[in-house]
Amino acid sequence: MRKMDSQILLSIGIAASFILGQFFLEQESLFSFMIMSMVVIGILSMMVRTIYGFALLIAYILFIAFYNVGFSWIMHIDVVQQGFNIKNQSILSFAAIMAWFCGYSVQKNNQELQLLREEVETLRKVESNTGILTINEFKEQGQLLFTGMKRRKEQGFLVQVNLDRALVDYKARILYEKVSKSILKTIRAKYDLACQINSRAILLYLNNTSEQGVEVALKRIHQNLENEGIVPAQLAYEVVPVKEDWEVTLLVIDSLMKGEKSA
């Protein structure tokens with residue numbers, strides 16, 4: 001509601017600037033100058049940082065004020081004409097302030113929209129292209145699996161699947177999608193998890209299994225890829241046992257995401 005109110009007030013201010021300029025500026029050239037100034041200030045305030053845009057606005061207002069004072073002093077303008085000049089200066093300054101607020105509002109709305117997009121991306125549970133989990137959802141579900149695994153005194157493993165770095169981007173993207181689908185076919189839906197680390201790496205949480213079980217899972221992934229004509233040699237793996245404490249496991253997950261070797 002507050003944002004809507006501010007937009008309404010801003011619209012009224014812009015409209016008032018045009019009305020004042022059209023009916024109260026002494027010369028048509030001044031009205032044209034006002035329009036050009038509003039456009040320039042509005043565009044620049046959208047493009048540059050807020051502090052720079054505000055500094056530009058202040059410089060513009062001071063320029064008009066000093067110009068008005070200097071012109072009146074040099075030309076020995078009488079009091080009546082000085083009053084008209086001050087009126088013109090006030091209208092130009094008001095129009096510039098409204099243009100700056102308009103540009104600032106657009107910039108702020110764009111920033112908020114970007115933040116909302118990032119939040120939506122963070123809150124998404126699965127990647128739209130592949131269907132595997134996002135890292136946040138992976139950690140959330142992983143904690144639940146970890147709690148049950150420790151209660152039952154079972155063992156689990158983290159497996160990082162890396163695509164060959166030598167692959168060009170478009171081939172890596174195609175291979176990534178196929179590997180993701182192969183992994184989802186291989187892992188157990190209720191016991192294992194898979195998430196995207198980046199465009200060339202996938203992280204698996206294999207629950208209630210052993211080293212031999214991890215090998216069996218990787219062989220199944222290889223078999224599925226070979227069935228689709230993909231050479232498994234294009235993949236590399238790093239297998240890390242799940243630690244005794246979940247906080248330590250999270251540190252291991254973060255280190256894998258950063259591409260560090262885990263102890």
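**Reading helices, cores and buried residues: a dialogue**

Author: Asn88 lies in helix H4, residues 79–123; helices (H or I, at least four residues) and strands (E, at least two) are DSSP runs, numbered from the N terminus. The model is predicted, so local features need pLDDT of at least 70 and side-chain atom pairs count only at pLDDT 80 or more, while totals for chains, interfaces and linings use all residues. Residues are numbered from 1 along each chain as its sequence is written, and side-chain values use heavy atoms, with hydrogens and water left out.

Reader: Does Asn88 count as buried or exposed?

Author: Buried means under 20% relative accessible area, exposed over 50%, and partly exposed in between (1.4 Å probe, protein chains only). Asn88 has 6% relative accessibility and therefore counts as buried. Contact means heavy atoms within 4.5 Å. Leaving aside neighbours within four places in sequence, Asn88 contacts Phe24, Leu25, Glu26 and Leu30.

Reader: At what angle do the axes of H5 and H8 cross?

Author: Axes are lines fitted to C-alpha atoms, for helices over the stretch in contact, and angles run from 0 to 180 degrees between N-to-C directions. Helix H5 (residues 135–151) and helix H8 (residues 246–257) have axes that come within 11 Å and cross at roughly 150°. H5 is therefore roughly antiparallel to H8; angles under 35 degrees count as roughly parallel, over 145 as roughly antiparallel, 65 to 115 as roughly perpendicular and the rest as oblique.

Reader: Which residues of H5 and H8 meet?

Author: From H5, Ile135, Phe138, Lys139, Gly142, Gln143 and Phe146 meet Trp246, Thr249, Leu250, Ile253, Asp254 and Met257 of H8.

Reader: Which residues touch the most other members of the largest nonpolar core?

Author: In soluble globular proteins, nonpolar side chains tend to be buried together. A nonpolar core is a set of buried Ala, Val, Leu, Ile, Met, Phe, Trp, Tyr and Cys residues joined through side-chain atoms within 4.5 Å. The largest has 23 residues, of which Val161, Val179, Ile183, Ile202 and Leu204 touch the most other members. Strand S1 (157–163), helix H6 (169–186), strand S3 (201–206) and helix H7 (211–227) each supply at least two residues of this core. A second, separate core of 20 residues includes Leu133, Met149, Leu158 and Cys195.

Reader: Where is Ala201 found?

Author: Ala201 is in strand S3 and is buried, with a relative accessible area of 2%. Beyond neighbours within four places in sequence, Ala201 contacts residues including Gln160, Val161 and Tyr176.
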